[in-house]
Amino acid sequence: FTGCSDESSADDKGGSAAAGSCDPADVKLVGQVRNESNPYEAAWLDGGDAFAEGVDLKQQRLTYDGDSTKQQEQISQLLAGDTDCLVMNILPNGDSDTPPIVEQAQEAGAFLVTQWNKPADLNVTDYDQWLSHITYDGVTSGKQIGDALAEAIGGSGGIIALQGILDTGAAKDRFAGLEESLAANPDVKLLDQQTANFSRAEALEVTKTLLTKHGDEVKGIWAANDDMALGALEALKAAGKEGEVAVVGIDAVPDALTAIADGSMTATVSSDGPWQGGIGLAIGYCVATGELSVDDIADDDRAWFAEQFLIEKDNVADFATPKTDPADFECDNVFSRSQGPIS
Amino acid sequence: MTLTSPAEDVDVAAARPQPRRGVSLRDAGPPLALVVVFLVFAGLSSDFRTFGNVQNIMDTAAVLAVVTCGITFVLMMGSIDLSAPGVMGASAIAVALLVANNRNDNDLGLIGVLIAILLAAGLGCLSGFALVMLKVPSFMTTLGVSAVGLGIATLMFAGVQPNISDETLASLAIDRLLGFSYLTWVAVACVLVGYLIQRYSRLGRYAFAIGGAEEVLSLSGVKVAPYKVAVFTLAGAFYGLAGVMVTSQLSAGLVQAGKGYDFAAITAAVVGGTLLTGGRGGVLHSAVGVLLVTVLTNGLVQIGVSPYWQGGVQGLIVVAAVAAAVAPQRRRNQVTK
Amino acid sequence: MSVDQEAAVEVTAPAPVHALEVRGLVKHYPGVKALDGVDLVVRQNEVLGLAGENGAGKSTLLKALVGLVRPDAGEIWVRGEKVRLKSVVDAANHGIGMVFQEQSLVPNLTAAENIVLGSEGRGVRRGIYRWDTMRKLAQEQLDKIGSDINPLARTETLSFADRQMVEIAKVLRIEQRSQHPPVIILDEPTSVLESKEIETLFTQVRRLREFASVVFVSHRLDEVLDVCDRVSVLRGGQSVGEVPTAGAVPATLHQMMIGSAGSDDHYHGNVAEPSDQPREMLSIRKLSAKTFRDVDLEVRAGEIVGIVGVHGSGREDVCRALFGAEPTSGGEVYLDGKKLDLSGTRAACAAGIGYVPAERKIEGMVGPMSVADNMTLAKQESRCVGPLVSPPKQAGVVDRWIERLSIRTPHRGTAIQRLSGGNQQKVVLARWLVADDIRLLLLDHPTRGLDIGARSEVYRLMRELANSGVATVLLADSLEEAIGMSDRIVVMSDGRVTSEVPCVAGAKPTPLDLVKEMV
Amino acid sequence: MNAPTAPAMAKPASDAAVVKGGPTIGQRLTSMMPLIALAALLAALSIADPDFLTQRSLTAVVRTSAPLVVLAAGATLVVLCGGIDLSIAALASLSTVLFAMWLPDLGGMTTLAVIAAAGTIGAIQGIAHVMLRIPSFIVTLGGMSIFSAVALVISDAGPIRVVDRDATKWLTQYVGGYVPMAFAVALIVVASISIVLKVTPLQSYLTATGYSESAARLAGTPVDRVKVGAFTVSSACAGLAAVMLVSRNYSGSPTMADNLLLPAVAAIVVGGTAITGGHGSVWRSLVGALVITLLRVGLPIVGVPSAYEQILYGAIIVVAVALTLDRSKVLIIK
Ligand SMILES: Nc1ncnc2c1ncn2[C@@H]1O[C@H](COP(=O)(O)OP(=O)(O)OP(=O)(O)O)[C@@H](O)[C@H]1O
Ligand SMILES: Nc1ncnc2c1ncn2[C@@H]1O[C@H](COP(=O)(O)OP(=O)(O)OP(=O)(O)O)[C@@H](O)[C@H]1O
Ligand SMILES: [Mg+2]
Ligand SMILES: [Mg+2]
């Protein structure tokens, strides 16, 4: 792996942010997520660290408490420093936070990879510092777990849905996926839907209320992420309905995998945090050091859906210990998990 | 400034006033509102008026009730406390790491719970000390301590979710006594203890007096500083217990365990009739406020108000409730801050 | 328990040492020397009067005696022992307690709690309240002063006089802290009391003398002479002498206080017959509100009308209602022939009404604001050129009034809370005079806490204003003041006007006449 | 006849009524404290990371701080009259949505329209506060949830892109090449509020209302109008802050500014304005906002790990207030 970086140092330094002009040792890696107080994002930053270690660098870990303004403020401050060989792997707080990050990175000449959130009409190909945008197909995952849920309750019965933060694309797409699944499973009835803001504690309260409202009609709970699914599980426990109601979520956080393994949860969809933390930096690093050129990246790889897996009881063991695989971060391998461009 | 009451209070009827025991008109507002709101929802939704839902409301109110118990003492002094999120986060993670869990081999059981509460009390104590030693307004010290608490929680969290396997703690949220979960009974006990502290302990009465006229206490030779610190410590302990309760409910220690509880508790206390300026109200008032707020949240879901609108409707009702509650006491030259 | 028994034991105590002695006490404040080498002796079982102009340093001296003010130099001796008093507790342990000039009770606690506050003793065991004991302890205290207040009444529901009694009951708790006979300090306890209540208080003070020493401060010199055994006089932070009360007259004291002969007739030339302008300035028709009903009242331009009545008679509320500070439920008010808008204080101000509230500290002044800003608060035009504030103009106006009313302040920029009570009151009065548009003045206890000289100035000012056509409604500090200043007196009781007593010079009623009308 | 001739008072000879007196060195130092705190923080950050003290970096700080400065400056007025405005952040979020929605129709007038709309909403809150006598804490807490709900509903719970960037372009430019326009505007807001207060009786009104509302009212001060005015300005500032945020984010979103509430209040208090009212100024809030911004962006950028960043943030804001609050003006600290 180190081989690919050796070759690139041959280029002379223009002192500017021209692609490929960076000495690997000069590359500055930054990973930014909401906070380190949830397992998924902490694992993401750890994945970034793992990649950085692989190339003898250190990743600067930034968090912004899920506060859009703070994220923007940090980015401006970051870009006001030395940006020549700056590589940023960013999780924008919401769709609307992506454009300003992109504009600023473009202006400052930093290499940017974003994940999850991007307005649909913002095209990566319009920029040359914004190398790539990676996300998971929320509609598919929402539908996958919806289908799994329908199957688990025997194809008919009432379910309730816990939505994510209402103004995020992920929440909307996943719910759209659920609606597709409902269309395909006409006997499954959506009894109620509420937002629990991707939060375990809120999901607990909301589920309790919905359980008392709909009682035994509730056969399944569809949650837009695992945290909420886990909150719902606790609510079921409190209501003495553990095991009677099927629960599905998305993200494959460790606790959810445990729950699937012991049968209290039905399904989740993986989104590989450590890989996400590493891959963004890897793409940026490859371009910065000249291993890859922006022009050579296929348009389809500029904004793409990463591979995700439906995890159920039978395959949960494969995902039990999430780890980064250095091979995934080889410069000719970085797009290998692509499931196709974001339409 | 002296805090003798303004002149218009002076010339009340010449007859010697009897002490007010029992319920006064001023105290009747919030319970009345609670009954009215409950009846309205019961009329609107058949799901609402089930016993199951009442259970659910009580269970849901438990954590908020405990937090509000703590904050009430602070508000009674005329101070404010925004530290609940940080303190609860710290105690939630701490307890999850101290009882049987998936991260380490600790299995301290109740002692773990006690340590978590002590940690929380320590954080509360810190707010109090910063207030009396550095003379920084409690608004700021508690905001700062909340950040410190979140920081400590994040440090302890260290990237891996601690899940608890302690039977006792986990069962508190699940097992029921007389139809209500043990956590609800914990909350009821807290309200009772809080009431006894407020009524029969020097700490409680002094907190009340500090809100009435702090400088008079110093003139009477009472050193208020230790009592202020003690009140913040007590409040911290309540938040700590609340953090433990959240951990018990979720079977996991979350850094965000206390998110939003600061403003929710203040709202509940104020809706219940505790004044932000201090010296009025109490734990029982606050308990009514908590029920009012919880019934409102639950009722809006039950009657199917759109999730987008719920917050707004709730805000409107809270403002209306407070407006109705203060209406009878409105005077022209009254100070409202 | 029996007070007499205790007193008997103490009286036989041998040493005739002084209960309290002060030598050369000095205290500086920024820009002021509040105490400049004061000497004072308080003997056992005596009532010592302390007299002096506003700002003479009385309160500062007394605060030093209870450990609230740390003197810069000088000594305090208690029963022949030199002490350093660091706190109220310290002073209480030495048997010294004080009733403060401004009432100091916690309004939302019960009377019982207030009485034992800070020295709960058996009332609190290990931090736990024992209400029964506490009530008993409080009842003992109340019995001592012969008060029948319910100890479990919430303090804010008590009348002003009752609250004063609670304060005295409270201060007597220091007996429990020290084995010696206590020294009780009363700083202007009478300034807010009605005459009947003052009588009760004096009975108590005389009783106190049997087992305690009392230091008594009042600006009413006749009172001082009445209740005290000896009077010590302060001037400009220095002791200027002491006189036994036997045979002394107010004029003697006054002369010592100001350092020169004072005038006897301090109601200044109240010789003017009701002004020769017969015009109705204020006319109230059937005004009603929560605390008063169907009040009719006329005040002519240049007339001073005193309203007298006990607490609860509603007279304060009539004034507040006229100023738009209290809602009314019916009736009409005309000012100079025009219907008055009672909807708020702003309208009243604009119509040319000025109001001096009784509770100066809370309602009269903005403590941390400067003297200048306080003085120009109501009449902003007095310091503005067009819509803009002109600092030079303000300085001119303010300095002129500071001089005219001889307000003692280091600077016009000094925060008003640093002034002595009397000087604060002058600033509050000046607030309505800085602009020339005042037509009706509502004065609620305008001389409360003022020394005899300042009072006399205020009287003169009121008279001059009246002569220039201002109508005045006066809620006087005492019946004597009402009689002295008013051209006409209206008696209110139970929210109604019950009678009207003409009060022109030469045909003044006696206080007794008025009391008869009031009951 | 209503002009009493100035009564000639007897003047005791002993009195020297007027003595000289101005601010002492100690008092001057206290009023400089916020600036000293700011400088100390900047120095500490530069020591931690020498790259932090570059012109580009400082320019970024002040540009970043602009919306916070405007929010804090407006809300300072409410705090000065003894209240608190918890709705500013939610209102700013709502305003970003309004801006994005109105821009296509109103074009260049949108900025003014949004500020006017926000101001009107603020006036309504103020009127509710003074008419119904509900504590400002509650009115604005209610306002906060109502504005959030309205913003969510009208935006359909999602961000609205601003395609026409010309309307906000002016805010992203630089004055003299170095000073970001947004910050210049913030400075102008602070300066104009402060000048208006200084040269008119408004300063007196605000101070009197904040220190002692009942005394102010009994002196005929237009307390209610002053309060409503304060709420109006506070909300209008929230509208302007929203425009700044839109110019930075190229979109409006129903939650965009929500997280600025506590930083804005912290900025006010860190500047040394008394949360109980009466004492303080908008200049102090400007400095306070810079301190808070430095803490928000500076700590992570110089490499403080996230958990320690929070602990430091908590400790520093408390210490900053300990330094900046003038205790002689605030008697009782609640
Ligand atoms: N057990 C008791 N015995 C005697 N007095 C008591 C006891 N408990 C309380 N009190 C006192 O009696 C007073 C009157 O009771 P009340 O219920 O009105 O007071 P409160 O609860 O403190 O006030 P509020 O609820 O209106 O804020 C109280 O102020 C309290 O100090
Ligand atoms: N805290 C303070 N700071 C500054 N100056 C003060 C303070 N307290 C009192 N002074 C000044 O000290 C002097 C003495 O004041 P003091 O209150 O002792 O007068 P007093 O004799 O009690 O007057 P009054 O009869 O009006 O109550 C006054 O000039 C006053 O302005
Ligand atoms: Mg009660
Ligand atoms: Mg005095």
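**A colleague's note on this predicted model**

1. Let's start with chain D of this predicted model. A compact globule of 334 residues would have a radius of gyration near 20 Å, and chain D, at 22 Å, agrees with that. Along the principal axes, its C-alpha atoms fill a box of roughly 75 × 50 × 40 Å. Chain D has 13 helices and four strands, and 63% of its residues count as buried.

2. Next, the charged pairs. Side chains of opposite charge can pair when their charged atoms come close. Over all chains, the count comes to 48 salt bridges. In chain A, Glu36(A), Asp46(A), Asp49(A) and Arg61(A) are linked in a network of them.

3. Have a look at chain B, where Lys228(B) and Glu214(B) form a salt bridge, with 2.8 Å between the closest N and O atoms. Lys228(B) sits in helix α9 and Glu214(B) in helix α8, 14 residues apart. Both residues are buried.

4. In chain C, Arg320(C) meets Glu363(C) in a salt bridge of 2.9 Å, N to O. Arg320(C) belongs to helix α10 and Glu363(C) to helix α12, so the pair ties together parts that are 43 residues apart in sequence. Arg320(C) counts as buried because its relative accessibility is 1%, and Glu363(C) is buried too, at 2%.

5. Finally, turn to the surface of chain C. Which residues gather in a patch of positive charge there? They are Arg122(C), Arg125(C), Arg126(C), Arg130(C) and Lys136(C). Arg122(C) is found in the loop between α4 and β7, and with 47% relative accessibility it counts as partly exposed.

Note on methods
Residues are numbered from 1 along each chain as its sequence is written. Chains are lettered from A and ligands numbered from 1 in the order in which they are written. This is a predicted model: local features need pLDDT of at least 70, side-chain atom pairs count only at pLDDT 80 or more; totals for chains, interfaces and linings use all residues. Side-chain values use heavy atoms; hydrogens and water are left out. Patches are made of residues with over 30% relative accessible area and no salt bridge: like charges are joined within 9 Å, nonpolar side chains (Val, Leu, Ile, Met, Phe, Trp, Tyr) within 5 Å. Accessible areas come from the Shrake-Rupley method with a 1.4 Å probe; for residues, only the protein chains shown count as cover. A salt bridge is a side-chain nitrogen of Lys or Arg within 4 Å of a carboxyl oxygen of Asp or Glu. Lys and Arg count as positive and Asp and Glu as negative; His and the chain ends are not counted. The place of a charge is taken as NZ of Lys, CZ of Arg, CG of Asp or CD of Glu. Helices (H or I, at least four residues) and strands (E, at least two) are DSSP runs, numbered from the N terminus. Buried means under 20% relative accessible area, exposed over 50%, partly exposed in between (1.4 Å probe, protein chains only). The radius of gyration is taken over C-alpha atoms; the globule rule is 2.2 Å times the number of residues to the power 0.38.
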